[in-house]
Amino acid sequence: MNKGWTYILIGGLFEIVWAVSMKYSDGFASILWTITAIVFILLSMVMLSKAISTGMPLGTAYAVWVGIGAAGIFAYGIFFMDEPAGILRILFAMMIIAGIVGLQKTSTAR
């Protein structure tokens, strides 16, 4: 995996952290969770920017970055927030993951 993909992976993981933090911030009423959300959204965007600066195509970088965050939050919700895990929901989440893998496998990123 090259640097661009490493940045995207890290940025996607930061996406998960900021989204979870935003949930726990209670509408930005909890200052600690609010600060955590802000810090991690900024870090996530920095990682996206760094990935793009390596020559990774913008569309691929953005789609994978968002997909990692979306799939990660989906899983977090099921495992830690008692959200429903119906077969169709899981199937559609797997489609997001398949799209991420497909974009990585077919990318011409340096």
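Among contacts in the protein chain between residues at least 6 apart in sequence, 69% join residues at least 24 apart. The model discussed here is a predicted one, and its protein chain has four helices and zero strands, so that, by the definition of these elements as DSSP runs, the order from the N terminus on reads α-α-α-α. The C-alpha atoms of the protein chain fill a box of roughly 40 × 35 × 20 Å, taken along the principal axes.

**Surface and charge**

Of the 110 residues in the protein chain, 31% are buried. The accessible surface of the protein chain comes to about 6,700 Å², and 74% of this surface belongs to carbon and sulfur atoms. The protein chain carries 6 positive and 4 negative side chains, and the centres of these two sets lie 20 Å apart.

One part of the surface is a nonpolar patch of about 460 Å², which is made by I31, L32, I35, V39 and L43. One of these residues, L32, is found in helix α2, which covers residues 31–53. L32 counts as exposed because its relative accessible area is 60%, a value over the 50% cut-off that defines an exposed residue.

Which side chain of opposite charge is nearest to the buried E15? E15 is found in helix α1, which covers residues 3–24, and although E15 is buried it has no salt bridge, the nearest side chain of opposite charge being R89, which is 16 Å away. When residues up to four places away in sequence are not counted, E15 touches S44, W65 and G69.

V64 is found in helix α3, which covers residues 58–80. V64 is buried because its relative accessible area is 2%, a value under the 20% cut-off for burial. Leaving aside its neighbours within four places in sequence, V64 is in contact with W5, I8, I100 and L103. The C-alpha atoms of V64 and G102 are separated by 9.8 Å, although these two residues are 38 residues apart along the chain.

| Residue | Relative accessible area | Class |
|---|---|---|
| S25 | 0% | buried |
| D26 | 59% | exposed |
| F28 | 48% | partly exposed |

S25 counts as buried because its relative accessible area is 0%, and, with residues up to four places away in sequence not counted, S25 touches S30, W33 and T34. D26, by contrast, counts as exposed because its relative accessibility is 59%, whereas F28 counts as partly exposed because its relative accessibility is 48%.

Conventions:
Residues are numbered from 1 along each chain as its sequence is written. This is a predicted model: local features need pLDDT of at least 70, side-chain atom pairs count only at pLDDT 80 or more; totals for chains, interfaces and linings use all residues. Side-chain values use heavy atoms; hydrogens and water are left out. Patches are made of residues with over 30% relative accessible area and no salt bridge: like charges are joined within 9 Å, nonpolar side chains (Val, Leu, Ile, Met, Phe, Trp, Tyr) within 5 Å. Accessible areas come from the Shrake-Rupley method with a 1.4 Å probe; for residues, only the protein chains shown count as cover. A salt bridge is a side-chain nitrogen of Lys or Arg within 4 Å of a carboxyl oxygen of Asp or Glu. Helices (H or I, at least four residues) and strands (E, at least two) are DSSP runs, numbered from the N terminus. Buried means under 20% relative accessible area, exposed over 50%, partly exposed in between (1.4 Å probe, protein chains only). Lys and Arg count as positive and Asp and Glu as negative; His and the chain ends are not counted. Contact means heavy atoms within 4.5 Å. The place of a charge is taken as NZ of Lys, CZ of Arg, CG of Asp or CD of Glu.
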